[in-house]
Amino acid sequence: MIATQIALLRRELWEHRAIFVVPAVVAVLIAVSSLTGQVTIGDMKHIDIGIVGASNMPENARSAVLSVMMITLSGPFIFAMWILTVFYTLDSLYAERKDRSILFWRSIPVTDFETVLSKLLTALFVIPLITFVAIIATHLLVLLNASIWVDLRGASPWHLIWSSVPFADNWSATLVLLLTLPLWLSPFIGWFLFVSAFTKRSPLLVAALPIVLLPLVEKILFGSAILSDAFFVRSVKMPLFTGLDNMNLLMQEGENFSKFADANLSLLGLLDLRDFILNPQLWIGIVVCGIFTVAAIYVRRYRDES
Amino acid sequence: MTSIVSARNVSKSFGTLRAVDNVSFEIEQGRVMGLIGPNGAGKTTLLKAVLGLTDCEGRLSVLGLDPFRQRRELMQNICFIADVAVLPRWIKVSQLFDFLESVHPNFSRTRAEDLLQLTDIKTKSKVRELSKGMVTQLHLSIIIAINAKLLVLDEPTLGLDIIFRKEFYTNLLNDYFDEKRTIIITTHQVEEIENLLTDVMFIDHGGLVLDSNMDAIAEDYVELLASAENAVKVARFKPFYEKEVFGKKVLTFEGVSREQLAEFGEVRTPNIADLFVAKIKGEAA
């Protein structure tokens with residue numbers, strides 16, 4: 001069972017090369033722009049490298065600046081990850097029918113449950129973990145580049161950068177965010193899998209239409225906004241960020257860094273994992289995802305392909 | 001003899017259409033069964049039921065399993081090709097072997113690689129880079145490398161040229177078939193498989209028109225090539241089908257001895273294709 005699942009997950013990576021390619025492209029773009037100084041120098045100015053060698057910022061402020069830089073770098077990856085997840089899930093059960101290879105896949109001793117599960121696991125865990133690796137690599141590359149930049153000005157990269165970055169805190173927070181975001185958005189993932197399993201054409205359109213139209217219909221008929229809350233507000237109001245005030249503090253430019261630094265907050269500390277896990281909306285979402293996934297399995301199993 | 005497939009009153013409807021209508025048959029181990037029928041006769045639906053790809057009414061048992069409900073177990077001992085050349089196009093040959101090795105308990109990678117050595121297919125190639133004939137060869141090597149008890153072939157050579165078709169069946173017989181294995185095969189090109197069948201079933205409008213082994217066909221059916229004048233004389237033997245070829249009559253009989261007919265013309269065993277036409281048209285008449 002586990003060996004089969006691993007083989008199926010590997011199969012997903014062979015078929016959907018974008019799972020690697022997309023984060024790699026984002027990483028290369030960021031690395032290249034960091035080489036030209038677009039990324040690093042802008043941030044390093046806060047540390048006022050102008051007074052080379054003499055750090056005019058307290059250690060905790062420097063650490064805050066570097067953390068902000070790292071979060072900023074993770075942003076495009078998380079955005080790309082979600083786009084990738086949408087397209088992956090929509091394609092995952094559609095492609096095998098389009099290229100007619102489904103009969104081959106079904107001629108192998110693997111159940112429909114196992115197959116659909118592998119697609120769900122890819123969306124929930126494999127894509128985030130690969131994105132995570134790409135983020136770490138990018139962070140290291142950009143910091144390395146910054147180190148060269150600092151070193152050329154006669155300052156100590158070790159002192160200014162490497163010893164100041166709270167790597168463990170930063171990366172744990174990133175990993176938590178990468179793994180919780182798909183869970184929070186899992187009802188959409190389930191819906192996309194289901195659409196991918198049943199639609200005869202244009203899965204993107206078929207998946208998007210109800211998400212756009214249903215809230216509109218609800219608004220017109222009942223004047224309420226339950227669906228639009230469920231569909232749109234949900235995606236931005238993840239209960240992981242109840243410490244959002246602190247986050248704002250962190251995100252503000254310039255002098256506020258010192259406020260954040262004074263607060264001595266860790267990124268991980270900003271994420272309220274307990275509140276997230278105890279949030280009923282999370283679990284409702286997971287149940288919805290489960291229902292759609294079972295529906296996708298059912299469609300794959302019972303539909304006659306001839 | 002062990003029964004590999006056992007069907008009792010199997011039916012399958014799509015809306016009001018009865019694609020398979022109350023069909024009963026047995027297929028025993030070591031047989032090569034040809035399932036022959038016109039388009040839309042219910043062949044593919046019946047095969048799908050056997051493969052557990054579709055549910056059906058009645059009692060259907062394949063290798064002692066309920067094919068629809070125990071499909072995973074079933075697939076460990078069944079192989080099928082439904083229209084070759086539909087392997088996933090993005091996959092590399094080596095990846096295909098890796099995958100099968102990890103999910104199929106009866107797949108022998110060395111066997112598949114040995115077979116591939118005999119072809120021009122490289123393990124680094126992707127399926128999309130292969131010609132249709134090569135994909136067929138690849139698919140066949142996989143099938144042969146899987147130690148399955150039952151092989152189901154649904155129009156396996158559709159769209160292939162004659163050379164590949166012949167090669168496909170030759171390899172199938174030489175490398176795959178032995179007395180422990182059973183094959184069910186459907187095709188339009190009946191002539192090409194006639195000499196490898198041990199049994200034959202005709203299906204039309206969802207029902208079985210004929211279920212017989214090949215030896216019995218030679219005993220039960222006889223074709224008479226006679227002049228128009230003689231054709232009238234044999235009417236008392238009740239031919240169930242009659243046609244005209246080059247000014248002569250060809251009549252098909254069931255259960256009439258050759259000796260009785262020999263004096264009226266040339267007597268021979270009908271080939272499967274002719275018998276099929278005779279049966280289907282004769283029934284309709």
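Chain B has 11 helices and 13 strands. Both are DSSP runs numbered from the N terminus: helices are H or I with at least four residues, strands are E with at least two. This is a predicted model, in which local features need pLDDT of at least 70, side-chain atom pairs count only at pLDDT 80 or more, and totals for chains, interfaces and linings use all residues. Residues are numbered from 1 along each chain as its sequence is written, while chains are lettered from A and ligands numbered from 1 in the order in which they are written.

**Chain B overall**

The C-alpha atoms of chain B fill a box of roughly 65 × 40 × 35 Å along the principal axes. Of its 285 residues, 44% count as buried. Buried means 20 or more other C-beta atoms within 10 Å of the residue's own; exposed means 12 or fewer; partly exposed lies in between, with C-beta atoms placed from the backbone. Among contacts in chain B with a separation of 6 or more, 70% join residues 24 or more positions apart. A contact needs C-beta atoms, placed from the backbone, within 7 Å.

**Cores**

A nonpolar core is a set of buried Ala, Val, Leu, Ile, Met, Phe, Trp, Tyr and Cys residues joined through C-beta atoms within 7 Å. The largest one holds 94 residues, and B:I78, B:V152 and B:M201 touch the most other members. Helix α5 (residues 132-145) of chain B gives the most to this core, with 7 residues. A second, separate core has 58 residues, including A:M70, A:L84, A:I130 and A:A296. In soluble globular proteins, nonpolar side chains tend to be buried together.

Leaving out residues up to four places away in sequence, B:V152 touches B:L47, B:V50, B:L51, B:I78, B:F80 and B:I184.

**Two helix pairs**

Axes are lines fitted to C-alpha atoms, for helices over the stretch in contact, and angles run from 0 to 180 degrees between N-to-C directions.

| Pair | Axes come within | Crossing angle |
|---|---|---|
| α7(A), α17(A) | 9 Å | roughly 135 degrees |
| α5(B), α6(B) | 11 Å | roughly 15 degrees |

Angles under 35 degrees count as roughly parallel, over 145 as roughly antiparallel, 65 to 115 as roughly perpendicular and the rest as oblique. α7(A) and α17(A) are therefore oblique to each other. Their crossing is right-handed: the near helix is turned clockwise from the far one by less than a right angle. A:D112, A:F113, A:V116 and A:L120 of α7(A) meet A:T293, A:A296, A:I297, A:R300 and A:R301 of α17(A). These residues divide into 5 nonpolar, 1 polar and 3 charged. Here Ala, Val, Leu, Ile, Met, Phe, Trp, Tyr, Cys and Pro count as nonpolar, Asp, Glu, Lys and Arg as charged, and the others, Gly among them, as polar.

α5(B) and α6(B) are roughly parallel to each other. α5(B) also passes α6(B) in a right-handed crossing. On α5(B), the contact uses B:G133, B:T136, B:L140, B:I143 and B:I144; on α6(B), it uses B:F164, B:F168, B:N171, B:L172, B:D175 and B:Y176. By class, this contact has 7 nonpolar, 3 polar and 1 charged residues.

**Between the chains**

19 residues of chain A are in contact with 21 residues of chain B. On the chain A side, α1 (2-15) and α6 (102-106) are the elements that give two or more residues. α1(A) gives the most, with 6 residues. By class, this side has 8 nonpolar, 5 polar and 6 charged residues.

Notes
Contact = placed C-beta atoms within 7 Å.
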